[in-house]
Amino acid sequence: YGLTEKFILSPNQFWMHKNHQVILDALLLLQQEQFNCKIVFTGKEFDHRNPDYVNGLKAFVEKNQLGDLVKFLGFIDRQDQLQLMQLSKAVLQPSKFEGWSTVVEDAKALNKPIIASAIPVHREQLGAKGYFFECDDAASLATLLKKIFESELPEPDYHYEVDCRQFAEDFYQLITKTA
């Protein structure tokens, strides 16, 4: 994919509620500070509900001369996506609403820092181990991006396998008590 420098990965379908615009707005703020932070986007670049969405994002990138900071990879193989997660400085999940986010679970399993919108499901999934920003607050996202890029935030320690085992045990206890 030609990624030779450090980057942050945003692996989300290009649907409007995934909130890619806040990332671009944050990059614009960082660019004004002359701080370069590369973002790599993956995901299907079409949504029948909003067919002009991706073109609007790409036009914003071009208009604001963010092309050196943004890379659109489109829909890629899952194994490639997981490898990119592993290589990234962090995983970015800016969504305005979600169910249970598989992006967050994948990043936790890989023990990657996660920058996520402060919606309830992300807080539930990450607890105190995520880095949160309000959905439309590009300035706070820019601050987090800068801190991640400069390695100023501690690495997470999700203990993913331990948490999965504990969930299974708790679930087993729940169903055996009610049976």
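**Figure 1. Strand β1 and its buried side chains in the predicted model.** Strand β1 spans residues 8–11. I8 and S10 point one way from the strand. L9 and P11 point the other way. I8, L9, S10 and P11 are all buried, so each has under 20% relative accessible area.

**Figure 2. Pairing of β1 with β2.** Strand β2 covers residues 39–42. β1 and β2 run in the parallel sense. Their pairing extends over 4 bridges. P11 of β1, one of the buried residues of that strand, stands opposite T42 in β2.

**Figure 3. Packing of helix α1 on helix α6.** Helix α1 comprises residues 20–32, and helix α6 comprises residues 138–149. Their axes lie 8 Å apart. The packing angle is about 70°. That makes α1 roughly perpendicular to α6, because angles of 65 to 115 degrees fall in that class. α1 passes α6 in a right-handed crossing. From α1, the contact draws on V22, I23, D25, A26, L29 and L30. From α6, A138, A139, L141, A142, L145 and K146 take part. By class, this contact of α1 with α6 has 10 nonpolar and 2 charged residues, and no polar ones.

**Figure 4. Packing of helix α1 on helix α2.** Helix α2 comprises residues 53–63. The axes of α1 and α2 come within 11 Å. They cross at roughly 0°. That makes α1 roughly parallel to α2, because angles under 35 degrees count as such. H20, Q21, L24, D25 and L28 form the α1 side of the contact. Y53, L57, F60 and V61 form the α2 side. By class, the contact of α1 with α2 has 6 nonpolar, 2 polar and 1 charged residues. D25 of α1 takes part here, and D25 also belongs to the contact with α6.

Figure 5. D157 has a relative accessible area of 42%. D157 is therefore partly exposed, as its value falls between the 20% cut-off for buried and the 50% cut-off for exposed. Leaving aside neighbours within four places in sequence, D157 is in contact with N111 and K129. K129 and D157 are 28 residues apart along the chain. Their C-alpha atoms are separated by 7.8 Å.

How values were computed
Residues are numbered from 1 along each chain as its sequence is written. This is a predicted model: local features need pLDDT of at least 70, side-chain atom pairs count only at pLDDT 80 or more; totals for chains, interfaces and linings use all residues. Side-chain values use heavy atoms; hydrogens and water are left out. Axes are lines fitted to C-alpha atoms, for helices over the stretch in contact, and angles run from 0 to 180 degrees between N-to-C directions. Helices (H or I, at least four residues) and strands (E, at least two) are DSSP runs, numbered from the N terminus. Angles under 35 degrees count as roughly parallel, over 145 as roughly antiparallel, 65 to 115 as roughly perpendicular and the rest as oblique. A crossing is left-handed if the near helix is turned anticlockwise from the far one by less than a right angle, and right-handed if clockwise. Contact means heavy atoms within 4.5 Å. Ala, Val, Leu, Ile, Met, Phe, Trp, Tyr, Cys and Pro count as nonpolar, Asp, Glu, Lys and Arg as charged, and the others, Gly among them, as polar. Buried means under 20% relative accessible area, exposed over 50%, partly exposed in between (1.4 Å probe, protein chains only). Two strands pair if DSSP finds at least two bridges between them.
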